[in-house]
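Hi everyone, thanks for coming. Let me put the sequence and the model up, and then I'll walk you through a few spots.

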Amino acid sequence: MEPIKKLFQAKVFLEYKQKKYELDALQDLFLKNIADKIRPHAKVKDRIGEILIVEVTNNAVGHKIKMASSSILKNINNNESLELKKI
């Protein structure tokens with residue numbers, strides 16, 4: 001049992017845990033800044049540099065997010081010390 005615990009405490013798993021924490025925080029920020037009706041249909045998948053990658057259930061939800069992306073990014077960047085430029 002001890003070797004398994006040590007394996008999960010390794011550097012690789014620590015990096016995954018930190019990435020998951022970062023994405024969860026971004027998910028919370030993103031959901032606070034979008035409309036209530038589309039919240040269940042959107043999920044933050046990743047952040048690559050200044051780009052936020054979002055997964056949506058259909059094109060209509062994606063279009064609504066794209067149209068509101070400037071205000072969403074403005075609110076996210078004002079609340080946190082992030083410099084996101086694109087969704």
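Starting at the N terminus, the elements follow the order α-α-β-β-α-α. That gives four helices and two strands, where helices (H or I, at least four residues) and strands (E, at least two) are DSSP runs numbered from the N terminus. Please keep in mind that this is a predicted model, in which local features need pLDDT of at least 70 and side-chain atom pairs count only at pLDDT 80 or more, while totals for chains, interfaces and linings use all residues. Residues are numbered from 1 along each chain as its sequence is written, and side-chain values use heavy atoms, with hydrogens and water left out.

Buried residues account for 23% of the 87; buried means under 20% relative accessible area, exposed over 50%, and partly exposed in between, with a 1.4 Å probe and protein chains only.

Now to the inside. The largest nonpolar core has 16 residues, a core being a set of buried Ala, Val, Leu, Ile, Met, Phe, Trp, Tyr and Cys residues joined through side-chain atoms within 4.5 Å. Two or more core residues come from each of α2, β1, α3 (59-67) and α4, and α2 provides the largest share, four residues. Leu26, Phe30, Ile65, Ile76 and Leu84 have the most contacts inside this core. As a general point, nonpolar side chains in soluble globular proteins tend to be buried together.

Beyond its neighbours within four places in sequence, Ile76 is in contact (heavy atoms within 4.5 Å) with Leu29, Phe30, Asn33, Leu82 and Leu84. Which residues of α4 are buried? In this helix, residues 69-79, they are Ser69, Ile72, Leu73, Ile76 and Asn77. Down the helix axis, these buried residues fall within an arc of 125 degrees, so they line one face of α4; the arc uses the directions from the axis to the C-beta atoms. The other side of α4 has Ser70, Lys74, Asn78 and Asn79 exposed.

Asn33 counts as buried because its relative accessible area is 18%. Its side chain reaches the backbone oxygen of Leu29 at 2.7 Å. Setting aside neighbours within four places in sequence, Asn33 touches Ile72, Asn75, Ile76 and Asn79.

That loop also holds Ile38, which is buried at 9% relative accessibility. Outside the four places on either side in sequence, Ile38 is in contact with Val61, Lys64 and Ile65. Between Ile38 and Asn77, 39 residues apart in sequence, the C-alpha distance is 21 Å.

Conventions:
Polar contact = N/O pair within 3.5 Å; in protein donor to acceptor, adjacent residues only side chain to side chain.
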